[in-house]
There are 2 protein chains.
Amino acid sequence: MDRRQRKTREAIFSAFTLLLSKKEFDKITVGEIIEKADVGRATFYAHFETKDFLLKELCEELFCHIFDSLGDTPVPHRHIFNCDEHDSVYLHLFRHLYKNDNHILDLLSSRNNEVFLRYFRENLNKLTQTQLPLFSKRKDEKLPLDFWANHVSYTFIETVRWWVDNGLIESPEIIAEYFFLAV
Amino acid sequence: MDRRQRKTREAIFSAFTLLLSKKEFDKITVGEIIEKADVGRATFYAHFETKDFLLKELCEELFCHIFDSLGDTPVPHRHIFNCDEHDSVYLHLFRHLYKNDNHILDLLSSRNNEVFLRYFRENLNKLTQTQLPLFSKRKDEKLPLDFWANHVSYTFIETVRWWVDNGLIESPEIIAEYFFLAV
DNA sequence: ATGATACAGAACAATATGTTCGGTACTGAA
DNA sequence: TTCAGTACCGAACATATTGTTCTGTATCAT
């Protein structure tokens with residue numbers, strides 16, 4: 001890709017991210033974005049069809065990045081021997097979020113968290129489908145499968161939200177404990 | 001209140017509700033609202049400062065109504081004898097939603113559900129504070145109280161969302177079972 | 001060096017917001 | 001019934017935002 005394209009794209013993304021951590025998505029105007037990114041109006045629209053597409057692409061970059069980082073995590077298995085059953089993909093996710101690469105937490109903690117959590121959930125649901133054997137067998141049998149999978153994903157997201165809103169005081173390990181206890 | 005005021009207020013609310021069940025909140029314009037409500041532009045702004053305030057007031061009316069209907073529900077208690085432990089305020093809420101007074105479900109099931117669920121949650125959190133003894137004692141002791149209360153509220157909301165998205169096939173009683181099993 | 005293309009900057013139409021104002025019609029109380 | 005108060009209409013208005021189009025310039029890959 002042309003270096004000029006990369007630079008403007010990056011400038012727009014980081015201006016947008018900065019604004020998102022301060023203002024609601026709906027209140028941000030294209031005018032503000034291009035001013036902070038220091039690009040021309042026509043240039044913005046050459047890159048992104050609308051402001052919504054910009055958001056979409058930002059989310060895709062962020063969450064593809066975080067979920068791809070799980071690439072080689074082990075297949076879930078019931079822990080017959082006493083290995084650490086919490087050392088799961090979810091703990092990996094908590095740790096990854098804790099490092100706050102790409103300022104994901106800044107976005108999740110802002111007034112826009114609903115927007116981002118929605119995208120987050122989409123990716124999470126796919127993941128959870130493969131992880132269900134990790135959890136309570138009793139619930140597994142008594143609840144409809146998709147209800148149960150949904151519940152696990154949402155509980156993860158609620159947990160992250162609670163964690164962030166409380167100022168990330170707890171370690172990823174403690175939060176993972178809470179998560180597995182709650183779910 | 002002047003009859004004229006009541007009538008326009010009601011006209012605006014019902015026009016708005018109708019539009020909300022068809023379109024995203026952000027895509028609805030004041031122009032559409034006043035056209036469908038058949039009131040003048042100035043009149044709209046005499047009643048509601050902005051579109052956001054209109055939404056806020058609508059939510060307050062709806063959720064005050066549904067939560068007030070719980071007014072005389074019993075204080076929670078541990079069920080030592082074999083009375084039906086699921087016959088709780090939550091079941092009452094599920095039943096109330098099922099009846100779909102005030103078209104609350106139409107709104108919760110639309111693309112705007114995030115907006116309404118946010119308001120719903122605010123009211124629900126207060127309620128949940130008083131209901132915690134109903135739930136697992138084990139979790140009660142091992143989890144931070146506010147984490148635990150949050151989890152219960154969110155699980156209720158997720159459950160409603162799942163229920164609605166699946167077309168309200170299950171009875172309120174079954175859904176209450178799922179809820180108490182999950183949480 | 002060169003042809004391709006990404007860019008700035010400005011102008012543009014189209015749409016939405018929120019305000020103002022004069023005239024009309026309704027309301028609640030006397 | 002009267003009457004003062006006020007809610008309403010409707011139209012005009014300033015302002016702001018969106019998304020498009022254009023020309024000339026600077027940068028790119030090769």
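What pattern does chain A follow when read along the sequence? The answer is α-α-α-α-α-α-α-α-α-α, and the tally for chain A is ten helices and zero strands. Here helices (H or I, at least four residues) and strands (E, at least two) are DSSP runs, numbered from the N terminus. This is a predicted model, in which local features need pLDDT of at least 70 and side-chain atom pairs count only at pLDDT 80 or more, while totals for chains, interfaces and linings use all residues. Residues are numbered from 1 along each chain as its sequence is written, with chains lettered from A and ligands numbered from 1 in the order in which they are written.

Chain A comes in two pieces, domain 1 (3–48) and domain 2 (62–182), with bounds from an automatic or database domain assignment. Five residues of domain 1 of chain A are in contact with seven residues of domain 2 of chain A; contact here asks for C-beta atoms, placed from the backbone, within 7 Å. On the domain 1 side, the touching residues are two nonpolar, two polar and one charged. For these classes, Ala, Val, Leu, Ile, Met, Phe, Trp, Tyr, Cys and Pro count as nonpolar, Asp, Glu, Lys and Arg as charged, and the others, Gly among them, as polar. Looking at contacts in chain A between residues at least 6 apart in sequence, 67% join residues at least 24 apart.

As for burial, 26% of the 183 residues of chain A count as buried. A buried residue has 20 or more other C-beta atoms within 10 Å of its own, an exposed one 12 or fewer, and a partly exposed one falls in between, with C-beta atoms placed from the backbone. Helix 9 (residues 145–165) of chain A has 21 residues and spans 30 Å from its first C-alpha to its last, close to the 30 Å expected, that expectation being 1.5 Å times one less than the number of residues. Since 15 of its 21 residues are buried, helix 9 of chain A is largely enclosed by the rest of the structure. After this helix comes A:G167, with a positive phi near 85 degrees.

The largest nonpolar core holds 75 residues, and A:F16, A:F179, B:F16 and B:F179 have the most contacts inside it. Such a core is a set of buried Ala, Val, Leu, Ile, Met, Phe, Trp, Tyr and Cys residues joined through C-beta atoms within 7 Å. Leaving aside residues up to four places away in sequence, A:F179 touches A:Y90, A:T155, A:F156 and A:T159.

Between the chains, 15 residues of chain B are in contact with 15 residues of chain A. On the chain B side, helix 8 (137–142), helix 9 (145–165) and helix 10 (172–182) each supply at least two residues. Helix 9 of chain B gives the most, with seven.

Definitions and conventions:
Contact = placed C-beta atoms within 7 Å.
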